[in-house]
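Trainee: I have a model open and would like to go through it with you. Can we take it piece by piece?

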Amino acid sequence: MILESLLKVNTASGSTEKANEIIKKELSGVADDIYTDNLGNLIVRIGDEGKPATTVFAPADKPALIVTYIEENGCIRVHPLGSVDFRSACYSPVTNGTLSGILYPDSAEADKFSASHADFGFCDAKEARSCICEGDVLFFENPPVSLQNGLVSGVGLSSLGCAQACCIAAKNVVKDNNKCFYFVFICEDSLQHRSVSPAAFGINPVIAVCLEAYEGKNIAAKVADKSFVATPQMTQKLIESAQKCQIELKKHVFSDENGYASRVQSVFNGVKTASLLLPAKHSGSLCETVNKSDIEALSAITVQFLNNI
Amino acid sequence: MIEILNRLCDINGVSGFEKDVALFICEKIKDNCDSLYISSLGNVIAFKKGAKTPLKKIMYCAHMDEVGLMIRHINSDGTLLFEEVGIMPEVLPSKHVLIGKNKIHGVICSKPVHLIKDGANNISADDMYIDIGTYSKEESENLGVYAQYATFENDFTVFGGGKMVRSKALDDRVGCAVMIDMINTDLEYDSYFAFTVGEELGGLGATQAAREINPDIAVIFESTTASDLPCNNGAEQVCICGNGPVVPFMDGGTLYDKELYKKIRSLAEKENIKTQTKTKIAGGTDAAYIQRSMSGVRVCAVSLACRYIHTGSCVGAVSDIEQLCALAHTIDKNLDKLI
């Protein structure tokens with residue numbers, strides 16, 4: 001499964017190159033074009049350019065840290081890239097890609113990343129600066145863990161589970177001479193979904209499906225959140241697609257959260273947009289947990305939707 | 001450069017009232033642009049041909065607006081209530097302000113500290129008013145102050161033995177001054193320049209400028225918070241006056257283009273221009289709005305380390321201003337290597 005490969009590489013907001021390489025390799029056999037846009041979103045096109053576009057979006061970044069300052073004693077100050085629970089991150093191994101360190105709280109009372117530091121064992125700032133600079137990304141090194149009953153736990157599982165579903169959808173969509181399909185792997189979803197609008201603008205889709213994760217138990221169609229109301233006909237199509245796959249698809253409404261679907265929906269003259277939710281547990285921690293069967297179900301519904309829209 | 005900066009800072013241009021700044025800039029650059037216009041929102045958009053056409057379209061950007069106040073109500077005793085435009089209320093008590101085009105003098109007063117709930121630490125604009133020396137609402141109305149802007153009265157000063165400047169509106173007239181200097185010099189590459197409005201209100205002008213010009217790459221000239229004060233050490237200083245232009249990799253609104261960040265710092269080092277970066281992630285610039293416009297723009301920022309930003313006494317180092325200008329020209333000359 002591509003998920004295992006994605007979980008092993010270092011990928012973070014603004015630094016999704018390694019994830020993009022894996023996805024490119026996976027989809028090069030089916031794509032008519034694969035490119036990255038100005039912000040680093042990976043975009044896969046299947047079908048002829050210029051035809052009405054149906055687009056699937058999925059995040060491809062994991063939470064990480066960015067180096068902000070190097071102390072005189074060689075300790076590294078960090079800032080979070082994306083939302084990650086501080087308590088979960090403390091005492092976790094981190095890496096810049098070549099060296100390993102540990103993230104420590106400055107004190108027992110520390111409750112935020114500005115009161116923490118990464119210790120790579122450097123003796124002083126000079127030694128640290130020979131290996132690490134301000135602006136470098138530090139990735140969490142927690143390896144994924146396979147649990148019982150198809151559950152998998154690890155950093156960024158909720159995002160990468162959606163990315164896997166998007167890949168599977170791309171591999172199984174049936175080409176249509178009257179349509180063009182785009183599959184967008186978002187590079188800055190964890191940072192307030194910043195790169196989503198430009199990706200949608202560049203494609204100008206007629207229809208969009210946004211694969212998102214939520215803290216919950218069942219695959220669901222998002223009806224609304226604080227800034228988004230799904231196009232009712234699109235939600236209905238998702239439900240019909242799920243029925244054809246013999247998968248139960250519940251509806252879900254978020255009263256106090258903002259996903260990224262609104263960023264897609266509001267480009268140009270508006271996009272008919274639906275949102276499909278992957279259930280995850282322990283969201284925001286370094287041990288996000290999803291079920292592989294849910295990822296498969298997400299993929300199946302998406303493929304059915306694309307092939308029948 | 002300092003003289004142009006002085007004149008720019010002297011002009012009052014709170015967000016939404018940038019016209020005088022725009023007209024001054026147009027006057028300074030009109031003879032050296034290939035096209036120049038003021039957009040519907042008030043941006044000054046200029047295009048200057050260089051010796052070469054770059055492979056990617058470049059836009060340089062700086063905002064014309066400054067922080068200030070808006071007069072929202074006149075009390076029966078003639079004093080004025082106001083809304084802040086980008087200013088923290090803590091910096092306001094006892095400041096001297098000028099109101100509107102007629103520059104009516106006023107002083108910002110507050111309730112006695114012991115009458116404010118939780119004391120001086122909890123002061124808000126609701127606890128303050130502007131005294132313009134009138135005694136009645138009618139008298140104040142006749143001066144035409146309602147719905148006008150108020151700015152700090154400026155006193156541009158070069159101090160510290162010529163090493164430092166003190167002024168209102170260094171944020172971001174210094175960026176405007178750098179761009180004026182670029183336009184009035186021969187450029188290596190064709191370039192667009194956007195002097196934007198409404199940055200302090202949330203990138204209003206920058207969004208429009210990016211849509212009109214549709215650049216591939218944008219370089220934003222800004223001022224950024226320097227907290228290099230005796231009470232702060234290490235990362236808490238954010239950036240340091242005198243340590244050169246600030247090239248951030250990230251701020252509260254933008255993750256800057258990694259390649260541009262590294263290349264600009266490397267380029268500066270080769271040209272013996274000392275640069276620094278921000279050691280705390282905070283604040284934001286027009287870059288946030290430009291980056292996410294259209295189908296995305298690669299952005300970077302080059303900033304002046306500015307103490308007491310968003311007050312009437314911003315302080316920056318003369319050497320940093322000069323180096324900021326030098327780096328801007330270096331970016332132009334080496335644009336092909338950056339893209």
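Trainee: Is Ile309(B) buried or exposed?

Mentor: Keep in mind that this is a predicted model. Ile309(B) has a relative accessible area of 18%. The cut-off for buried is under 20%, so Ile309(B) counts as buried.

Trainee: Where in chain B is Ile309(B) placed?

Mentor: Ile309(B) sits in the loop that runs between strand 14 (298–307) and strand 15 (314–317) of chain B.

Trainee: And which residues does Ile309(B) touch?

Mentor: Leaving out residues up to four places away in sequence, Ile309(B) touches Asp171(B), Ser223(B), Thr224(B), Thr225(B) and Cys314(B).

Trainee: Let's switch to the whole chain. How many helices and strands does chain B have?

Mentor: Chain B has nine helices and 15 strands. Of its 339 residues, 58% are buried.

Trainee: What is the radius of gyration of chain B, and what would a compact globule have?

Mentor: Chain B has 20 Å, and a compact globule with 339 residues would have a value near 20 Å, so the two agree. The C-alpha trace spans about 65 × 45 × 40 Å along the principal axes of chain B.

Trainee: What about contacts in chain B between residues at least 6 apart in sequence: what percentage join residues at least 24 apart?

Mentor: That comes to 74% of those contacts.

Trainee: Now the helices. At what angle do helix 4 and helix 8 of chain B pack?

Mentor: Helix 4 (residues 170–183) and helix 8 (residues 318–333) of chain B pack at about 45°, and their axes are 10 Å apart. That angle makes helix 4 of chain B oblique to helix 8 of chain B. Their crossing is right-handed.

Trainee: Which residues of helix 4 of chain B make the contact?

Mentor: On helix 4 of chain B they are Val174(B), Val178(B), Asp181(B) and Met182(B). Helix 8 of chain B brings several residues, including Ile321(B), Leu324(B) and Ala328(B). By class, this contact has seven nonpolar, one polar and two charged residues.

Trainee: Back to helix 8, then. How is helix 6 of chain B oriented to helix 8 of chain B: oblique or roughly perpendicular?

Mentor: The axes of helix 6 (residues 258–270) and helix 8 of chain B cross at roughly 110° and come within 10 Å. The two helices are therefore roughly perpendicular to each other. Ile264(B), Leu267(B) and Ala268(B) of helix 6 meet Leu327(B), Thr330(B) and Ile331(B) of helix 8.

Trainee: How many charged residues does that contact have?

Mentor: The contact of helix 6 with helix 8 of chain B has no charged residues, with five nonpolar and one polar.

Technical notes:
Residues numbered from 1 in each chain as written. Chains lettered and ligands numbered in written order. Predicted model: local features only at pLDDT ≥ 70, side-chain atom pairs only at ≥ 80, totals over all residues. Heavy atoms only, no water. Axes fitted to C-alpha atoms, helices over the stretch in contact; angles between N-to-C directions. Helix = DSSP H or I, 4+ residues; strand = E, 2+ residues; numbered from the N terminus. Parallel < 35°, antiparallel > 145°, perpendicular 65-115°, else oblique. Left-handed = near helix turned anticlockwise from the far one by under 90°. Contact = heavy atoms within 4.5 Å. Nonpolar A, V, L, I, M, F, W, Y, C, P; charged D, E, K, R; others polar. Rg over C-alpha atoms; globule rule 2.2 N^0.38 Å. Buried < 20%, exposed > 50% of the residue type's maximum accessible area, 1.4 Å probe, protein only.
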